[in-house]
Each structure stands twice: as C-alpha cells, then as structure tokens.
Amino acid sequence: MALKVLVVDDSGFFRRRVTDIINADANLEVIGVAENGLQAIELNESLKPDVITMDYEMPVMDGITAVRKIMASRPVPVLMFSSLTFEGARVTLDALDAGAVDFLPKNFDAIARNSASIRKLLAEKIQAVARGRLKANAKAVQPVPTRVTQAPSGSSADESPREKLRGIELVVIGTSTGGPAALQKIFKTLPSNFNKPIVIVQHMPASFTSAFAERLNNLSGLTVKEAQEGDVLRPGHVYVAPGGKQLIVDRRQGGSVHILDSDERVSYRPSVDIALASAAKHYGSKALGVVLTGMGADGREGARLLKQAGGHLWAQDEASCVIYGMPMAVVNAGLVDCVVSLDQVSERLSKDI
C-alpha cells in the first residue's frame, strides 16, 4: 500500500510540483495539501498521513509552530523544506528541535524541472522516515522483554560489553538523518572536563554547518566550531566538518584538521567514510569512531579501515535511531565493538575513554 503524504506550502506552484513528483512514485500518494500550518494540523487529524512535507514561512501559522502542535497532538514524521541560507539553517534547526525529522533544500529550479535527482531524493527521504515511524510503532506494541544477559551482537545497547578504552586521542562521530537532535542530546550532557578532541561529520549543506556548530557551542560545556583548514585538534574542543567539503585529520605535529574540496563522484559532502579513513591512517588504535542515526551506509568502509588499523567503533542501537541505516551497515559488517543507546553515548564517552 502506498505511503500517504500531506504537502504543506503557501505557494500553489510549489504544492502542485511537489505533489506531481511524489505521485510519480508508485509507493507514494499525496492525500491532501495545505496552505498554512493551521490547515496542516487539521488535515493531519482528519486524513492521518504517514508523512508531512512542510514549508516554514507561511501565513496564519508558520511551519515550526505547526510542527510543535502536530507533535503534541498526532505525531507524524515531518520533512521541512528549507532555504539554503544561514538564516534558513537556523530556522530549519529550530524545526528539527520542534520535532521535524529531516529537511530538504527548497530549490525552486530543481522542483520546476522535476529533475531525476529531486524525485529520487524526495522519494527516498519520505520512505525512510516512514519506515522509521512504522518501526517505532511496531516496537511500541511489543511486550517489554525481561533482562537478557547474553544475546546476538548489536541487538540491544544494554547487551553490549562495557569495555573501558585507554589511550584514545580522537573521537570521530558520523551521522545523517536524525543527527542534529541526537548530537544536541549528547553535547548537552557531555561534561565540560571531557579532554579529547571530537570531530563531527553530519550530512548538511554548506550553509548549515556553521549555524549548527554555533548551536552546539551554545548548549555544550565544550568549545564547538565549524572546522577550518589547519585547526589544531585540542582537548575539549569539537570540530564540525563543513558542508560541501571533506574533512581529514592528521596526527602529526600534535594533531590537525584539513579541509579539502570534494570530488563530485563522492556522494556525501562531508563523508563519514573519508573522515574515518583518515583517522585510521593517522590515529589507528588511538581513534574511536561513533556511528549514529542516518540513512544509507556512509561510514561502513571508513569503519572497516579503522578496525583494520586497530581502532575502535561504537554504533547507535536501532531502538534509539530515527533511521537505522548507517549504524545497521557497520553492525551487519561485523565492525562494531559496542552498540550504545543514544541515552548512553555521553556517559560512556566521559567514563569509558
């Protein structure tokens, strides 16, 4: 059965084009459209869509207010359309804080052309967030299991061995869909005396990463910044890979960050694979990789190199992921030392390394 989608935007042109693109996929069906946030709330209750696409700047009620009210009444995955500006990034991050799952660039030209890349991206994102929602609903109706002392590797965070790591000099965190909320949760509680440098690779456009770094810095006891060429990797400092570029680390001369232009053949910019591969080369057993929620498998090949070099790898557990894609890829490849619930990441970083 096709997934039901509600399209919300104050532009009639945009609503029509997005509707056409979604309906072109046999697995998706637009069951309604709304011109503002108030209509979106009403149609969410009456039509019961599986996913909502939402603009943020609308009359009567803006998208962020609508997301908050939807999450309070009938929660449903929301994909925000966002302008690729610094201010647009801030608004989109507010929407993610309000409960939206992910965002897409509001590119009128690409939508007008009905380009293959837009069709593919929109369909993939809608189906991925819907699967996450269905997974959550399925778990909600299952009975609570009794405590298990032995279970297959990677099945639950509580079943993973508690191994203390010593000699770690660098932590690399990779994530995509669901990452902004997950990272904010981690850095709100990570103690200010945490004394390792951390590199974050979050799939985001170029205009978003500086705003995201600013937000993390404001809520964290650590110093967070968008990484720049030549940054020295300092204890208690966090470096967010800039969107549209690639970040690599180098242990020589005390440890540093280098920012490279990205080859167009690389799907993700920034790429978790590339950052982890550089950590494997220069830090080896002294590096810890942490793969959090996200679509796809970015990070798997970098994790493979890290493990071959003697490094360590944690993955977020399925139950706490918005999208169990990237963590599943490294778990299924047998590369994970430890599966960790999102609620446990901060504590285990502060106590176990």
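Leaving aside neighbours within four places in sequence, alanine 40 is in contact (heavy atoms within 4.5 Å) with Leu6, Val8, Ala34 and Met54. The model is a predicted one, in which local features need pLDDT of at least 70, side-chain atom pairs count only at pLDDT 80 or more, and totals for chains, interfaces and linings use all residues. Residues are numbered from 1 along each chain as its sequence is written, and side-chain values use heavy atoms, with hydrogens and water left out.

Alanine 40 belongs to helix α2; helices (H or I, at least four residues) and strands (E, at least two) are DSSP runs, numbered from the N terminus. With a relative accessible area of 0%, alanine 40 is buried, where buried means under 20% relative accessible area, exposed over 50%, and partly exposed in between (1.4 Å probe, protein chains only). Its C-alpha atom is separated by 9.0 Å from that of glycine 63, 23 residues apart along the chain.

Helix packing comes next. Two packed helices are described by the angle between their axes and the distance between the axes. Axes are lines fitted to C-alpha atoms, for helices over the stretch in contact, and angles run from 0 to 180 degrees between N-to-C directions. Helix α2 (residues 37-47) packs against helix α3 (residues 63-73) at an angle of about 20°, and the axes are 9 Å apart. The helices α2 and α3 are therefore roughly parallel to each other (angles under 35 degrees count as roughly parallel, over 145 as roughly antiparallel, 65 to 115 as roughly perpendicular and the rest as oblique). The crossing of α2 and α3 is right-handed; a crossing is right-handed if the near helix is turned clockwise from the far one by less than a right angle, and left-handed if anticlockwise. Here Gly37, Ile41, Asn44 and Glu45 in α2 meet Ala66, Lys69, Ile70 and Ser73 in α3.

A further helix pair is formed by α7 (residues 179-189) and α12 (residues 342-352), whose axes come within 9 Å and cross at roughly 40°. The crossing of α7 and α12 is right-handed. Ala182, Lys185, Ile186 and Thr189 of α7 make the contact with Leu342, Asp343, Val345 and Ser346 of α12.

Rings of Phe, Tyr and Trp (its six-membered ring) pair if their centres lie within 6.5 Å; planes under 30 degrees apart count as stacked, over 60 as edge-to-face and the rest as tilted. The count comes to 2 aromatic pairs. Phenylalanine 14 and phenylalanine 81 form an edge-to-face pair, 5.0 Å centre to centre with 90° between the planes. This pair links distant parts of the chain, with phenylalanine 14 in helix α1 (residues 12-23) and phenylalanine 81 in strand β4 (residues 78-82), 67 residues apart. Both phenylalanine 14 and phenylalanine 81 are buried.

Phenylalanine 103 and phenylalanine 208 have ring centres 4.8 Å apart and planes at 15°, so this pair is stacked. It too links distant parts of the chain: phenylalanine 103 is in strand β5 (residues 102-105) and phenylalanine 208 in the loop between β7 (198-202) and α8 (209-219), 105 residues apart. Phenylalanine 103 is buried at a relative accessible area of 9%, and phenylalanine 208 counts as buried at 0% relative accessibility.
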